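Keep the structure open beside you as you read.

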Amino acid sequence: MTRECSLLLPGVCAALADPRQPGSDDTCLEKLLDWFRELTACDPTAELLQNNPCLTEFIVSVLALPEPSPSILSFTLRLAGILAASESRFQHLQQEKLLVRLFGRDGPLNSALWEDASVRSGWLEGVRSMMHHQPALDILCNGGGIDVIFTLQGDPSLFVASAASQLLVHVFTLSVEAETTEPLSTKDCDWPVCAQMIIKHIEDSLHSRSASHIEQSLKLLTSLFGSCHAPWTEVLWLGVAKQIESFLTEETVQVQHMLANLFLKMARSPVFSGTESSFWALVTSALEHLTPVQAGPLAVGILRLYKCPQDVRIQALTVLLQPMDCILRAASQPLEYAGLLDESVSDPSTVESLLSSKSTCVSLLCQTLAHLEELLSLIYLPVDLPYASLLHSLMTILQFCNGFLIPASPLGSTISRFLINCFRIQKSALDVVAALSERKGCDALVGSLFGVLLAYLESPNTSPTVLKKTLRATSQWLVRLQELSCSNSRWQKTEEILEDVFLVLQKHLCSPSWEVRDSSLEFLTVLIQYLRDQDEFRQSLLSSEVPKLTENLLEDPESYVRASAVTAVGHLAFITYFAPESPGVGNQYNKEHIFAKLQEILSTDPEGFPRRAVISIFTEWLSQGCTGQLEDTEQFVSRVIQTVEHDLDWEVRLCGLELVRIFCTHTVCQFGLPTCLYAPVSSAVTSSIHQNKTIQIFCRAKVFGFLFRSLCDCDKPVGQTACDILLGLSGYFCPISSLKNSQESGDSPAGRGIAWLQRTLRQGSLAQNFPIDGGNGVDFQDPESMILALRTIDFIELRDELNKSSDHVEKSPQSLLQDILATVGTVEENEADCY
């Protein structure tokens, strides 16, 4: 422990234990406990307690208080647990009989303070911290502590109950690992004493008729099998397997809803996942006996596993697809399309009965659709899904929801009444439809699918949220359509689809709902990003009114829409203005007009979103090389950064720095150097001619003034980024073989200005004292001065300062002490003790 900490501890303890104070702030106490954890982690010996008797005196003084505050008592329990984590400190506290008074039956357990959940939580956390050695196990088992934890499993506070369950898992694991010399086998039942107590409690609870006790033990087993994969877990399982299996068919005690999670935790453990394990027979039974709602999470969890018997995987898939199969079969009679399943795992009437009730129908379908989306999001699926039939089932659901499908079967009629205008189902189904665009095998249904999607896009009853989902699915399937075979008939169909899409989009861009306008612009941007190189797409887009309507929305009253319009117009420019053979008339005029329009938004828009969108688009244009020859690019960058540096939004300024970074990199690379910016090069590689040309370009574009002002920006990310760019520039202009000599700068007026600049940067006050017109002898448009600055200023040191976290101040002992005094009330004698 440092001398500073030793000097502060007496004051800290005195401030906390003062009986005249009501208590202390929870955040402050948490910080103090973190500090103690760091102290005790450095030294496991008892010297901390021996050299600082104020710690034990503090515990004694809190125990002597007739009515300590719950927060201070909870803190004391947790502190004692941290101190007792080391066996030597544990023995020291034992000699003082403090642990018995804190965690035994004569402590807070039998006081009125035990009614406070924070005290019970502190007791559990203290015990948890202490459980790292055999003596701590002995005091817990022999002193009745295990029974207390059993009781707290059913605590009304969910936090306390959860902590108690987790503590039992830890105690069980520690007991087996600390007291067992040889690995337990399936024939070995010689459990350690503490583990025997927990096992007996689990078995008694499972055989009881109390649902709450059974649930507590199932939670405990779930946590245990989920966190511990030792071979002895199989021994534990064999003792309770038959009883747990009986719960699958038990009618008097309803705990089936907890079994799926337990089996999933076990299935992920290498102890049980072997294909020869009898455990899989139980999983099969669970898939048969659990209700479809209960079996769904188990089925999708099994389908995500790579190690699983094939017959179990097929059964899980059948459970998951059964509701979708039922929907498909209920849609028409006789059945026009093949169902998803050849046979069912369980009685189809169970699923049909759930779909025949509105509440269970919607919940079951929402759960099934969520599971399907989860599976389709995986890069690799361990099982093949019937994609075409699944897509047809999804289209059926969507048609039920908008009333466009009239089913012939009685069940289909019932389901369609439940689903009409059900936006929960619509959103979930559209998410799965979008995910299916990444999978192959649905090509034959693409035309029908776009018919369903266009019906949603055209319907006035489609809510803005569902419309957004529809637009997303449509964009992904349009991209998929572009990837399909490019036969004439295929592209003819694509052109028709695109024309229909843009006709609908024109209507939505004029919608009175700003959410609809915003979603439509986002949809357009996505399409341009993925399809702008396709002739059919460009022709369909430019022959519509969409480009004009999009530009009009730059003046929309809603800032979100203006921002989306900026992004859409910026991407439209790749087709209308920047394409090699742009179809526009008066192309140069239009290009300058749109740049001026976006520059005006960047300068004058009162909201941050549109301004951020503009600088992002300008950065995209620059990165794609769309800003013309080098001279034009200089002017472009100069005009943008002069606007950005005065913006009040730090994200706009940060995006401006990204623009500068790309400009610098492109400029350096344009001279044909073998390496680009931000990688140091030797002086042999860096030609002085290239250096002179490059530094002149940067000075004309006013890059350095912007970078040095950004160095001391009040928002840290801006300063860090500016420093990184300047560090990269210094590596380019001042190669490895060039020695930096800050004293050489003292001979010239420019050098004196750079010396001032370096001092100002070190003081971190550049933002307040920055010379606007070359004051203090610094000319940020003078190439010689800027080369000298890059050679002189230590940007590595500046970067380290900017990257330094404030934690070294906030977590210091003195800062903790100030927090404590501020929360408990500054008492003169305490203040004197502390300082």
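Start at lysine 597, which touches Leu554 and Glu555, leaving aside residues up to four places away in sequence; contact here means heavy atoms within 4.5 Å. With glutamate 555, the side chain of lysine 597 makes a polar contact of 2.7 Å. A polar contact is a pair of N or O atoms within 3.5 Å, where, within protein, one must be able to donate a hydrogen and the other to accept it, and residues adjacent in sequence count only if both atoms are side-chain atoms.

A word on the model itself: it is predicted, so local features need pLDDT of at least 70 and side-chain atom pairs count only at pLDDT 80 or more, while totals for chains, interfaces and linings use all residues. Residues are numbered from 1 along each chain as its sequence is written, and side-chain values use heavy atoms, with hydrogens and water left out.

Lysine 597 sits in helix α31 (residues 587-604); helices are DSSP runs of H or I with at least four residues, strands are runs of E with at least two, and both are numbered from the N terminus. Is lysine 597 buried or exposed? Its relative accessibility is 18%, so lysine 597 counts as buried; buried means under 20% relative accessible area, exposed over 50%, and partly exposed in between (1.4 Å probe, protein chains only).

Now step back to the whole protein. Its secondary structure comes to 44 helices and zero strands. Of its 835 residues, 54% count as buried.
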